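This report describes selected features of a predicted model.

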Amino acid sequence: MDVGIVSYGAYVPRYRITPMEIGRVWGQDGKAMSKGLYINSKSVPSPDEDVVTISAQAARGMMRRVQVDPADIGALYVGSESHPYAVKPTGTIVAEAIEASPELCVADLEFACKAGTAGMQMVMGMVGSGMIRYGVAIGADTSQGAPGDALEYSASAGGAAFLIGREDIIARFNGTLSYTTDTPDFWRREGQPYPSHGGRFTGEPAYFKHVGEAARRMMERMGTSPGDYNHIVLHQPNGKFPQRMASMLGFSDEQVSRGLLTPMVGNTYSGAVPLGLAAVLDVAKPGDRILAVAYGSGAGSDAFDITVTDAIKGFDRGAAPTIDAMMENTRELDYATYAKYRGKILMKG
Amino acid sequence: MREVAVIGTGVTQFGELWDHSFRQVGIQAGLEAVYDANLSGSEIDAMYIGNMSSGRFIDQHHIGALIADYSGMASHNVPSTRIEAAGASGSLAFRQGVMAVASGMHDVVVVGGAEKMTDVSDDASNFILNSAADQQWESMMGATFASLHAMIAKRYIHEGYATREQIAQVAVKSHLHGALNPKAQFQRQIKLETVLRSPMVAEPLTMFDCSPISDGAAAVVLCPLDKAHEYTDKPVKVLGTGQASDTLALYQRPDICSFGATKVASRMAYDIAGVGPEDIDLVEVHDDYTISELLALEDMGFFPRGEAGRAVESGETEIGGRLPVNTSGGLKARGNPIGATGVAQIVELVTQLRGDADKRQVKGAKTGMAQSIGGTGSTAVITIMGVA
């Protein structure tokens, strides 16, 4: 029986900061940064938001759109590189928030920016084998960028949740595969507040190699070519990489644009491909075919070949906020407020 | 003293060679030079390797032995010597090789230069480069190579020797030439605006005024001129070399708008070669920063003080101009793997003088000159070469 997406929900914090404002503080050309990265603004979590609240918000939206008994959810995985606790799961809190406890399997996952899609693959396996009826995979982050570092222009917050099952699926997984090597392009050691990265090394030998290989191999396995897809959703650490990657693979700007949110929200890390996929599902029609390829530093890519089903017509998208609504309801911050919200100000005691 | 010729050259791609180790780039350039010279390994008498800081870049000292071993020369017990003079390491290795052949000590000598800089972080790389300045009185006090050159540039502008735009134009010209060199790190033309608007490094120098961090290697093969035709139809003759030292620290100099060592070494090389600035058809200079190129052109006697900037601006130093400078793209665009840089300059001169420079060929080039610098003008090495 086909395994697919039964529902989904997304959440992006409403606060935004622009590269111009960040550049103003650090004496850098924010406008050039904005153009170079193709990022016009990035989302900022408010002080009471973290990966738990973002995941819970996305998962609640996901549940509101369907009539599924939460007790039938047999697994919940949250992929993130900014889990609030080093030891103590995010997933248990999220499971309680959607009333899926106690009979379910929960784990927090980490694979840089692709732990959310790794969770999707795990749930696909469990659902497909009949081990569980429904499973939830969430990718969410409140990513870190050191003050003044290039990452600060992109590292943002957001996430999306997917309910995966075999019944009433709105999108079918035709296939998935991963391409993984040991390539240390970006890392953060235990206890370090900000990640380190290999500069341009994060490009060609890391992002482009893994995303490109996963996409090509997925199409080869499915016997498809770029023209067979209505949308391509790629990991988007900035706005430029996915555009360049898509063009290298032979996709057009039109195929990329719907799933490309980074120009508006920055790099949501583990939330990036899940959010891009949510944005596509927000407008998808029956029969639409989607190629989604996530990337996690370290490094690996997960590719998914997805076809939207007729069930999308009866799907209650309006029961939860769409991505477009989240792009409109925003408030811009100055750097001082941003620094306060992100805990970058050293407080007494 | 015997006359010396270059009979073979080799150079790797310069750039961020993440999938190549130090020994790989070294061997690649060396083998290319040896093949180019139609040599067999058993004919090689000695090797000289220019390298600034493999100890800190890749935690490997004793690279003379390393290169001898991995090039197969250790099995012939060929002597191999590593030469260090910061940015001038490669050119100094070349000069040592020339002296070894000229003196009659050795007949066939391979000179290589290599550096692998991208295995450490950008910050670490800057600290390593700073060790070429006076650690006690400059680097430890916070001066970086960029800031020392920024002081030179500020003074130079203050004295009215050049405008900021003329200094920046050096980078535009280097990229123009780099775009014609398939081995260059940067093969893209840039606009003056790009240089002026790029992120500030040390006022007035921006990112595009600075040579990059690079991996790469270059090598040449030397032999006595009278034996050169046994190996090649197009030997290129070493007409003269010069070397001079100055104070290690920049602040000790009475005048920072000129490198005295370049002047002395140039005079020495001109005297030996029996030529003057007016006889030179093309020049490779040590543009680790754009400002350095203007100092070099004046100190080598090509332009009176305060005239080099105007000459660059007017296109006189472009290919096709009166005196093409850094046809390879220079340190700025070709790249600057420190130990390889001086040898790569020689490779460019030989390529031009053989008439093999393709799109960047300087027509009718008969005599070329290279200037290489260690530190802020603390060591200067000059080489003049001519068609044999």
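## Domains of chain B

In this predicted model, the C-alpha centres of domain 1 of chain B and domain 2 of chain B are 22 Å apart. The domain assignment places residues 4–121 + 213–236 in domain 1 of chain B and residues 125–211 + 239–387 in domain 2 of chain B. Contact between the two involves 47 residues of domain 1 of chain B and 42 residues of domain 2 of chain B. The size of an interface is often expressed as the accessible area lost when the parts come together. Between domain 1 and domain 2 of chain B, the buried area is about 3,500 Å², and carbon and sulfur atoms give 64% of it. On the domain 1 side, the residues that lose the most area to domain 2 of chain B are Phe14(B), Arg95(B) and Val236(B), which together account for 20% of what that side buries.

## Helix packing in chain B

Helix 7 (residues 164–178) and helix 11 (residues 290–299) of chain B pack with their axes 7 Å apart, at an angle of about 95 degrees. Because angles of 65 to 115 degrees count as roughly perpendicular, helix 7 and helix 11 of chain B are described in that way. Helix 7 of chain B contributes Ile167(B), Val170(B), Ala171(B), Lys173(B) and Ser174(B) to the contact, while helix 11 of chain B contributes Thr290(B), Ile291(B), Glu293(B) and Leu294(B). By type, the residues of this contact comprise five nonpolar, two polar and two charged.

In helix 5 (residues 122–130) of chain B, the buried residues include Ser125(B), Ile128(B), Leu129(B) and Asn130(B). Helix 2 (54–57), helix 6 (145–158) and helix 14 of chain B are among the elements that cover the buried residues of helix 5 of chain B.

Thr351(B) belongs to helix 14 (residues 338–354) of chain B. Its relative accessibility is 15%, so Thr351(B) counts as buried. Beyond its neighbours within four places in sequence, Thr351(B) is in contact with Asp356(B), Ala357(B), Arg360(B) and Gln361(B).

## Backbone geometry

Most residues other than glycine have a negative phi, and most peptide bonds are trans. The table lists departures from these patterns.

| Site | Feature | Value |
|---|---|---|
| Gly298(A) and Ala299(A) | cis peptide bond | omega about 10 degrees |
| Glu203(B) to Pro204(B) | cis peptide bond | omega near 5 degrees |
| Tyr38(A) | positive phi | phi about 55 degrees |
| Ala112(A) | positive phi | phi near 45 degrees |

Ala299(A) lies in strand 13 (residues 298–308) of chain A, whereas Pro204(B) is in the loop between strand 5 (200–202) and strand 6 (205–206) of chain B. Tyr38(A) is in the loop between helix 2 (30–37) and strand 3 (42–44) of chain A and is partly exposed, at 30% relative accessible area. Ala112(A), in the loop between strand 5 (105–109) and helix 5 (115–128) of chain A, is buried, at 6% relative accessible area.

Definitions and conventions:
Residues are numbered from 1 along each chain as its sequence is written. Chains are lettered from A and ligands numbered from 1 in the order in which they are written. This is a predicted model: local features need pLDDT of at least 70, side-chain atom pairs count only at pLDDT 80 or more; totals for chains, interfaces and linings use all residues. Side-chain values use heavy atoms; hydrogens and water are left out. Helices (H or I, at least four residues) and strands (E, at least two) are DSSP runs, numbered from the N terminus. Buried means under 20% relative accessible area, exposed over 50%, partly exposed in between (1.4 Å probe, protein chains only). Contact means heavy atoms within 4.5 Å. Axes are lines fitted to C-alpha atoms, for helices over the stretch in contact, and angles run from 0 to 180 degrees between N-to-C directions. Angles under 35 degrees count as roughly parallel, over 145 as roughly antiparallel, 65 to 115 as roughly perpendicular and the rest as oblique. Ala, Val, Leu, Ile, Met, Phe, Trp, Tyr, Cys and Pro count as nonpolar, Asp, Glu, Lys and Arg as charged, and the others, Gly among them, as polar. Domain bounds come from an automatic or database domain assignment. Buried area is the accessible area (1.4 Å probe) that two parts lose on being put together, summed over both.
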